Amino acid sequence: MGLFKAAFDKLKQGLDRTRSTFVGEIRSILSGKPLSKELLSQLEARMIQSDFGVKTSRELIKDIEASWERDEIHTGDDAMDYLKELLNAYWPAENRTLNFAKTGPTIILVAGINGAGKTTSIAKIAKSLRDDNKQVMLAACDTFRAAAVQQLEIWSERIGVDVIKGQQGGDPASVAYDACEAAEARGIDVLLIDTAGRLHTQKHLMDQLAKIKRVIQKKFPDAPHEVILVLDATTGQNAVTQAAIFAQSIDVSGIFLAKLDGTARGGIVVAIREELGIPVKFIGVGETPDDVEPFEPNTFVEAMFAQ
Amino acid sequence: MFGNLTDKFNDVFRKISGRGKISEANIREAMDEVKTALLEADVHYEVVESFCESVQAKSLGSDVLDSLKPGQQLIKIVHDELVWLMGGKEEFAEDVSAVDGMPSLAAPTTGGIMFVDPGPTLVMMCGLQGAGKTTTCGKLAAVLKKQGKKVMLAAADLQRPAAVHQLEVLVGQVNEEIESGPEVLFYSELDKVAEYGKAVGAAVTVCRHAASEAKKTQCDVLILDTAGRLHVNDDLMGELRQIEKAVGPHQIMLVVDAMTGQDAVNSAKAFNEQLELDGVILTKFDSDTRGGAALSVRQVTGKPIKYLGVGEHLDALETFHPERITSRILGMGDVVSLVEKAQEQVSVEEAQALQEKMAAGKMTMDDFLSQLRTMRKMGSMKSLLGMLPGIGNQISKMDLDEREIDRTEAIIHSMTRDERKDVDLLDNSRRRRISRGSGTEPTDVAQLVKGFGMVSQMGKQMSGMGMLSKMRAMSNMGQMDMSSLAGGHPPQLGSEGRPSTRSGFKKKFKQRKRRK
């Protein structure tokens with residue numbers, strides 16, 4: 001599709017911290033040493049501290065241990081290569097590109113908990129789509145939080161796209177519907193719908209989200225063509241719960257993992273893959289609208305282990 | 001909150017309590033499970049290690065093994081260690097004799113803001129992006145306004161689009177919603193707003209100006225809302241240090257998302273190294289966070305957790321009490337916080353008047369309605385029920401729809417004045433009318449009336465009790481009443497042999513009476 005150019009260097013830069021702590025320490029744990037139980041338990045501790053999750057970490061360690069017992073690997077360096085291989089094997093071939101509507105506007109619904117980074121992530125997606133010569137429009141359906149509409153408006157001005165907005169305190173679903181109509185009338189290619197942050201534990205808010213989706217479908221039965229869940233990469237194992245509950249209510253089709261530049265970890269990517277099987281489609285690695293990358297597992301693992 | 005962690009702890013304890021005698025191996029096994037549970041709850045790896053070591057050492061060294069109830073002993077050790085982990089015991093005298101009156105709640109707590117005299121007390125908020133700084137600023141201002149302090153909020157977040165405007169809107173909301181106390185002031189310099197990384201340093205000027213403005217207007221407290229920043233961004237961390245140097249805040253608060261993973265510790269450490277933090281505010285605590293950040297941050301920074309953000313609304317800020325939170329984690333409830341919340345909303349006279357009415361069996365639907373509203377002001381049903389002992393860990397399985405209460409309100413509103421005074425008037429035809437008027441089914445109306453009957457009955461019986469025993473009686477009453485009050489659909493609860501029948505309640509009531 002050529003929407004994004006996978007810029008290995010940039011990803012590496014964004015993951016710099018991930019790399020230097022995660023791999024740096026893994027290297028110093030494993031490098032130049034023969035494998036031992038002690039070494040493996042140190043590795044496990046390090047992986048848990050990288051948000052891989054207890055279950056995933058223990059499974060990976062068990063795999064390494066099994067291979068060691070089979071006499072296939074002998075040194076810490078072997079184990080590191082083997083770990084890389086295991087991590088790569090987590091991702092099957094899956095479609096990580098955006099799904100576009102065959103006719104009419106493509107509707108992308110964006111949701112997430114408070115402070116995950118929805119608005120910034122939308123700005124990033126919008127900018128790259130616009131750079132790809134698509135007509136983009138935003139819908140500001142966060143009618144709850146103070147100044148959320150203005151926040152999206154400022155972004156729309158900065159990247160030069162239209163925005164449809166609702167009244168503070170208004171019904172978000174009706175804003176979404178208006179935006180759908182406007183998108184059709186103006187011949188827009190992609191409509192990005194920003195919703196209010198909501199904790200997945202608030203059932204009535206999750207129902208509201210489901211309603212927004214239903215209302216969109218009244219206008220375009222095959223929409224939304226993408227449902228993107230924005231997750232904060234610094235979130236711990238709770239990210240998995242969040243994704244599972246959001247998926248239940250609005251059938252999430254892809255994940256935007258925001259703030260990956262801030263975390264020393266990134267292991268959560270593996271945990272999400274392992275537990276949910278929802279593809280991570282984008283990663284956010286900085287504050288400017290250009291700081292977005294498509295998620296490429298191999299590149300990601302390479303970057304984590306690069307020299 | 002804590003749903004999973006509480007479940008896991010209960011599992012472990014149940015296993016071990018079942019034994020008459022436990023061996024060293026039993027304890028080791030239990031601690032292994034506790035370790036896994038804590039790690040899954042995102043508690044920092046090193047904190048978990050030291051916690052488990054300490055609990056294990058204490059249980060093996062003490063007389064746990066020989067005691068008659070080894071399970072109970074172990075729970076106590078875990079409880080004490082958790083309390084210590086989150087900031088230690090408060091000087092909170094749990095005076096048993098005061099239980100039946102209002103408990104003495106004026107005891108000092110670890111939470112809150114220290115004030116300097118003369119003011120203004122400068123409070124600086126900092127944290128990562130999306131932690132909830134701006135919202136927390138609003139909530140804090142609301143708390144202080146209620147206390148009668150004159151507060152100024154200054155918008156020093158010049159980076160995030162519309163952050164200044166957001167704070168301004170929040171100030172408006174605080175002033176609108178909270179009547180008592182002086183008006184909250186707002187300070188901003190819109191011309192200094194710029195894109196990310198382009199206004200580094202400008203915030204220092206804004207803060208300095210805000211400080212002198214707060215002094216001029218004789219504010220008691222000035223809260224500085226700074227931009228979210230990564231702890232690894234040297235420029236922006238430098239900006240915070242400059243602000244600290246320029247205005248010398250009396251309190252620096254780190255705002256932390258309660259759901260943060262293992263990295264919570266790193267960012268908290270980094271902020272603490274760069275600035276002299278005074279306390280931590282944990283946000284989004286109403287999620288199903290397993291509490292990792294709550295359990296780790298204090299240990300790593302040595303700084304107390306001051307407040308918890310527990311909802312989207314302005315009044316959703318709680319003072320943090322290590323012991324109470326520990327009780328909630330271990331599924332023991334938190335009655336003290338519940339009573340406090342009730343006291344905030346209901347004056348003693350109001351409560352007394354209602355109590356007399358109830359005792360005489362004269363409670364009307366109008367009283368019931370105002371009770372419902374008061375309860376709603378105290379927080380969500382879920383959060384309230386979660387504070388009751390024994391119910392906490394079952395809440396997560398409950399599907400409580402807050403709108404059920406809306407429906408209940410609608411039903412009562414559709415009643416005539418006479419009907420509200422005397423529900424016995426309701427016949428089929430009236431019920432049908434009410435259900436049409438409120439958009440519900442006649443059975444919903446019937447159910448509400450039934451629930452109301454139970455409450456007024458309960459009122460009569462409880463009229464002799466104090467607040468705390470009422471709470472206890474309520475929790476023993478079981479959950480069916482709560483749901484029928486909320487207009488039907490009894491939630492499915494996995495009540496495990498707890499006395500949830502009326503007879504259980506009566507028995508307890510008698511026991512209490514005897515004790516008196």
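In S6(A), which residue is the bridge partner of Leu229(A)? Select both strands and you will find that the partner is Ile255(A).

Before going further, note that this is a predicted model, in which local features need pLDDT of at least 70, side-chain atom pairs count only at pLDDT 80 or more, and totals for chains, interfaces and linings use all residues. Residues are numbered from 1 along each chain as its sequence is written, chains are lettered from A and ligands numbered from 1 in the order in which they are written, and side-chain values use heavy atoms, with hydrogens and water left out.

**Stop 1: the sheet of chain A**

Strand S5 (residues 226-232) of chain A runs parallel to S6(A), with five bridges between them; two strands pair if DSSP finds at least two bridges. Five of the five residues of S6(A) are buried, so the strand is largely enclosed by the rest of the structure. Buried means under 20% relative accessible area, exposed over 50% and partly exposed in between, using a 1.4 Å probe and protein chains only. Gly254(A), Phe256(A) and Ala258(A) lie on one side of the strand, with Ile255(A) and Leu257(A) on the other.

Now show the whole sheet: eight strands of chain A in the order S3-S2-S4-S1-S5-S6-S7-S8, open and with mixed pairing. Its edges are strand S3 (162-165) and strand S8 (292-294), each pairing on one side only. From one strand to the next, the twist averages 25 degrees; axes are lines fitted to C-alpha atoms, for helices over the stretch in contact, and angles run from 0 to 180 degrees between N-to-C directions.

At the S8(A) end, strand S7 (residues 280-284) pairs with S8(A) in the antiparallel sense over three bridges. Click Ile283(A) there: its bridge partner in S8(A) is Glu293(A).

**Stop 2: helices around chain A**

Next, select helix H6 (residues 118-131) of chain A. Of its 14 residues, 11 are buried, so H6(A) is largely enclosed by the rest of the structure.

**Stop 3: the nonpolar cores**

A nonpolar core is a set of buried Ala, Val, Leu, Ile, Met, Phe, Trp, Tyr and Cys residues joined through side-chain atoms within 4.5 Å. The largest has 99 residues, and Leu192(A) and Leu257(A) have the most contacts inside it. H8(A) supplies the largest share of this core, seven residues. Among the residues that Leu257(A) touches are Leu231(A), Ile268(A) and Phe282(A).

**Stop 4: chain B**

Switch to chain B, which has 23 helices and eight strands. Of its 516 residues, 55% count as buried.

Finish at Val43(B), in the loop between helix H2 (24-40) and helix H3 (45-61) of chain B. Is Val43(B) buried or exposed? Val43(B) counts as buried because its relative accessibility is 1%. Its contacts include Leu38(B), Gln262(B) and Leu295(B). Ala294(B) is 251 residues away from Val43(B) in sequence, yet their C-alpha atoms are 8.1 Å apart.

Note on methods: Helix = DSSP H or I, 4+ residues; strand = E, 2+ residues; numbered from the N terminus. Contact = heavy atoms within 4.5 Å. Lists of a residue's contacts leave out its neighbours within four places in sequence.
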